[in-house]
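Here is a friendly walk through the side-chain contacts of one protein chain. Have a look at the model first, and then we can go through the charged pairs and the aromatic rings together.

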Amino acid sequence: MKKVIALACLSMLPMSYAAAEGYQVNAQSTKQAGMGHVGVAMKLGAESMHFNPAGLVFMDKNVDLSAGITGVFANGKFTGDDGYVQKTDNKASTPLYVYAGFKIYDFLAAGISVNTPYGSAINWGRDWKGAHLVQDISLKAFNIQPTVSWKIMDNLSIGAGLMMEFGNIELNRALIAPRAMTGLAESMMGQLGPILEAKPELRPVVDQLVTEMAKYDEVSAASASLKGDAGIRFGFNVGAMYDINDKFTVGLSYRSKVKARVKEGDVRLSYANELGIKGLLEQVNGLVGQLQASGITIPGIPEGGINIPPLDQATFSAELPLPDNWNVGLTYKPNDRWIVSGEVQFVGWGAYNSLVVNFYPASELSDYDIDAPKKYKNSRIYRLGTQFAATNRLDLRLGAYFDETPVEDNYLNPETPSMNKLGITAGLSFRPLQSLSVDFAFSYVTGFGRDGSYTDLDLLKKPRTFGGHYNVYALMPSIGLSYAF
């Protein structure tokens with residue numbers, strides 16, 4: 001029973017934007033957002049630090065600055081097998097980026113960048129039917145990356161960056177979800193039927209308990225809120241770029257896996273009616289105690305009864321892998337006005353096999369520790385984008401990408417409403433001054449609706465399955481500025 005309720009607190013740490021699969025974010029450049037977020041085989045000035053650090057050395061100016069922000073307006077919908085419908089009520093997420101590149105010599109450049117490559121935000125509501133799996137969550141991971149780029153030959157360059165990643169997480173989940181108490185009552189009644197026939201004096205007590213439990217059919221009786229900061233963790237970003245000729249360029253980059261770790265997170269508990277729910281559990285435990293004293297045991301209920309663990313007196317630690325990424329791409333320039341680029345991104349989601357959470361002080365709370373299987377699989381993203389120089393001051397862009405889900409069917413739940421997604425993008429850049437670019441982009445991301453279910457344990461340690469049909473989509477406007485001199 002301890003682990004059942006504790007698992008309700010923490011097994012949903014990772015979540016996903018509707019903008020990308022897993023919890024990876026496609027919002028690192030307004031210009032490249034308009035091209036389906038391609039860039040590994042393109043010379044992007046300071047913005048190459050994210051896509052392929054080997055491209056940084058091809059800066060046209062001595063200093064290249066770029067900054068921007070994206071609004072992620074994500075929406076999700078769940079439809080149960082019984083026709084029940086729930087929609088998310090998400091706040092907009094705002095991933096941002098800042099790049100500063102400096103040309104040291106013709107063959108050497110360096111720079112520093114700040115961006116948000118991972119994050120999530122989703123809100124299903126406090127009292128919906130899946131509240132035992134997730135209510136709402138917000139996750140952000142920031143990356144600071146000093147970078148150096150070296151041109152070995154006129155047509156060959158390499159680059160490397162040191163990733164310093166940190167972030168925070170805040171989430172909520174029901175410990176006792178709507179109808180959980182009634183479910184407990186129904187299960188107990190199935191066991192108590194023969195007992196009540198032999199002991200009719202218990203009938204009024206049981207009927208009163210069932211009536212009290214029904215008061216929590218539409219609300220989450222108890223919920224847990226977790227909040228923690230992840231300290232700085234290190235990784236690296238390396239790449240190479242080669243010009244085959246004047247028209248074709250190939251690029252390859254690798255971003256290493258980083259393990260984000262919350263060393264000391266805080267836990268808070270909240271109740272629909274604290275005195276009411278605690279009093280009700282005392283009554284249930286009192287009845288169970290009477291029966292146990294008479295030699296009658298109700299399967300699934302431990303000797304000490306059902307209790308909400310004192311997690312609000314605890315701290316927790318947890319690790320979350322930020323997966324590695326291999327990117328390989330090809331860019332084609334048929335003339336001075338057109339650029340066409342395509343690439344494949346291999347995402348190492350297979351590193352996320354399980355979520356391990358430890359509570360402290362361990363001497364008192366180690367029984368609540370969690371090892372929740374996730375079993376993500378590696379996935380791919382296919383990208384294609386084009387840019388057209390309409391005038392000397394105006395560039396137009398179009399793009400698309402297909403993002404594979406890393407989540408298997410039997411692990412699909414609202415904490416990660418994961419599915420294959422298609423992104424359609426467009427953008428433009430206008431240069432009021434030759435050295436200043438004002439960038440706009442818009443992305444529409446839609447999921448291919450998916451059926452799935454997830455099984456966990458109820459208050460009596462019995463398997464329960466929550467499943468249905470999920471749909472997601474996101475609107476992502478982006479604005480940026482870049483200046484070179």
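## A lysine and its partner

K129 has a relative accessible area of 40% and is therefore partly exposed (buried means under 20% relative accessible area, exposed over 50%, and partly exposed in between, with a 1.4 Å probe and protein chains only). In a salt bridge, the side chain of K129 meets that of D82 at 3.0 Å, N to O (a salt bridge is a side-chain nitrogen of Lys or Arg within 4 Å of a carboxyl oxygen of Asp or Glu). K129 sits in the loop between β5 (108–123) and β6 (136–153), and D82 in the loop between β2 (73–80) and β3 (85–87), so this pair ties together parts 47 residues apart in sequence. Helices (H or I, at least four residues) and strands (E, at least two) are DSSP runs, numbered from the N terminus. D82 is exposed, because its relative accessible area is 58%.

## How to read the model

This is a predicted model, in which local features need pLDDT of at least 70 and side-chain atom pairs count only at pLDDT 80 or more, while totals for chains, interfaces and linings use all residues. Residues are numbered from 1 along each chain as its sequence is written, and side-chain values use heavy atoms, with hydrogens and water left out.

## Other salt bridges

Side chains of opposite charge can pair when their charged atoms come close. How many salt bridges does a search of the whole structure find? The count is 11. One of them joins D243 and K43, at 2.7 Å from N to O. D243 belongs to strand β8 (residues 222–243) and K43 to the loop between α2 (30–33) and α3 (48–51), so the bridge ties together parts 200 residues apart in sequence. D243 is buried, with a relative accessible area of 12%, whereas K43 is partly exposed at 36%. K43 also lies over the face of F58, 4.2 Å from the ring centre (a charge sits over a ring if NZ of Lys or CZ of Arg is within 6 Å of the ring centre and within 35 degrees of the ring normal).

R450 and D409 form another salt bridge, at 2.7 Å from N to O. R450 is in strand β20 (residues 450–457) and D409 in the loop between β17 (394–403) and β18 (421–433), so parts 41 residues apart in sequence are tied together. R450 counts as buried at 12% relative accessibility, and D409 as exposed at 51%. Salt bridges with shared partners also join K259, R261 and E319 into one network.

## Aromatic rings

Rings of Phe, Tyr and Trp (its six-membered ring) pair if their centres lie within 6.5 Å; planes under 30 degrees apart count as stacked, over 60 as edge-to-face and the rest as tilted. By this rule there are 17 aromatic pairs. W338 and F388 make a tilted pair, because their ring centres are 4.7 Å apart and their planes at 35°. This pair links distant parts of the chain, with W338 in strand β13 (residues 338–347) and F388 in strand β16 (residues 379–389), 50 residues apart. Both are partly exposed: W338 at 36% relative accessibility and F388 at 23%.

Y352 and Y376 form an edge-to-face pair, 4.9 Å centre to centre with 75° between the planes. Are these two tyrosines, Y352 and Y376, buried or exposed? Both Y352 and Y376 are buried. Elsewhere, F78, W124, W128, F466 and Y470 form one aromatic cluster, and R383 lies over the face of Y401, at 5.3 Å from the ring centre.
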